[in-house]
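Could you have a look at this structure with me?

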Amino acid sequence: MAKRSNTTSIPYAAKKKTFWQLLWKQKALCIMALAPLIILIIFKYVPMYGILIAFKNYKASKGVWGSNWLEPVLKNFIKFFKNVNSGQIIWNTLKIGVLNLLFTFPAAIIFAILLNELRGKVFKSAVQTISYIPHFLSVVVICSMLNGFGSTTGLFNDVRDLLGMARVDMNNGSQYFLPLYLGSQVWQTVGWSSIMYLSALSNVDVTLYDVANIDGANRWQKIKNIIWPTIKPTTTILLIMNLGNVLNSDYTKILLMQNDTNRSQLEVIGTFVYQKGIVEGKFSYATAVNLFISVIGFALVFGANMITRKINPENSLW
């Protein structure tokens, strides 16, 4: 009985350690994390007081605190929803965001799995490095390439000509906007986004493949029973986080792809905020619309995480 009491007293003594004692024990790691934490607070959390602009008649000369409150306080939100174009703007944003998620998110997973199946180390490294390059290209360069390739004498029309199809100006109107936008998004993000999945796949126990070979499993069975369970937690977390950006389309690229023939059809919340805030100087109105996007994004992340917790608590964010 005495021995049993001694063994059970060890975890109890460990529980008595205070939070500050544990911090002191890990003081080296805490000091290393201090600088990033300070930067995060200064540049991410301190500026959040600026959302007050959405509820005030903001004047730059008076500042955020000196500007008067709106009457009613939700005046800018009401103004946006009363806008005759707000429904179309929200629909355009939602359509582009959902399609972008449906195309880019699975593409990175598929690319990571295919890359993992390559056996030649030199060729695998070359493909992986080349796939990262588009991520570092400026969006201005990307849009210039799209405008050039989409012209009647561009590369895309040369391919259409080889296939016996008529040449068209893909930059004119909104008919070819989604293929150009989504295709360029996949090209830009597939390599960079696959890093997380490749990192997860590097932790797979190689003995599992040996056992699968002995059992006569084919490649599809290995992917289904070994690879997918390994990257499933990473996939779930990244999906939850990406859901928060559904309404945050790459408005810079959309803005650069707009012209007089398609501007009305390609208006999204991001370009609308840019027009009202930067061009017209309606800072309060633009902040209110942008805050609306943030609230919806938070609701999507929170809802997706709650569903994940009920299905599989281990894969949820919190």
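1. A word on the model before we start. It is a predicted one, where local features need pLDDT of at least 70 and side-chain atom pairs count only at pLDDT 80 or more, while totals for chains, interfaces and linings use all residues. Residues are numbered from 1 along each chain as its sequence is written, and side-chain values use heavy atoms, with hydrogens and water left out.

2. How many aromatic pairs does the structure hold? There are 13. Rings of Phe, Tyr and Trp (its six-membered ring) pair if their centres lie within 6.5 Å; planes under 30 degrees apart are stacked, over 60 edge-to-face, and the rest tilted. Phe80 and Phe292 make a tilted pair, with 6.2 Å between centres and 50° between the planes. Phe80 belongs to helix H5 (residues 75–82) and Phe292 to helix H15 (residues 283–311), so this pair ties together parts that are 212 residues apart in sequence. Helices here are DSSP runs (H or I, at least four residues), numbered from the N terminus.

3. Buried means under 20%, exposed over 50%, and partly exposed in between (1.4 Å probe, protein chains only). Phe80 and Phe292 also belong to one aromatic cluster with Phe81, Phe272 and Tyr285.

4. Now find Phe149 and Phe156, an edge-to-face pair with centres 5.5 Å apart and planes at 65°. Phe149 is partly exposed at 28%, and Phe156 is partly exposed at 27%.

5. Two lysines sit over tryptophan rings: Lys27 over Trp24 and Lys56 over Trp69. The distance to the ring centre is 4.7 Å for Lys27 and 4.7 Å for Lys56. The rule asks for NZ of Lys or CZ of Arg within 6 Å of the ring centre and within 35 degrees of the ring normal.

6. Finally, look for the largest cavity, with a volume of about 70 Å³. A cavity is a set of points on a 1 Å grid over the protein atoms alone where a 1.4 Å probe fits but cannot get out; lining residues have an atom within 4 Å of a point. Its lining includes Leu146, Tyr176 and Asn262. Helix H8 (139–150) and helix H10 (177–201) each give two or more residues to this lining.

Technical notes:
On a 1 Å grid over the protein atoms alone, a cavity is a set of points where a 1.4 Å probe fits but cannot get out, and a pocket is an open set with protein on both sides within 12 Å along at least five of seven lines; lining residues have an atom within 4 Å of a point. Grid points are joined across faces, edges and corners, and a volume is the space filled by probe spheres set on the points.
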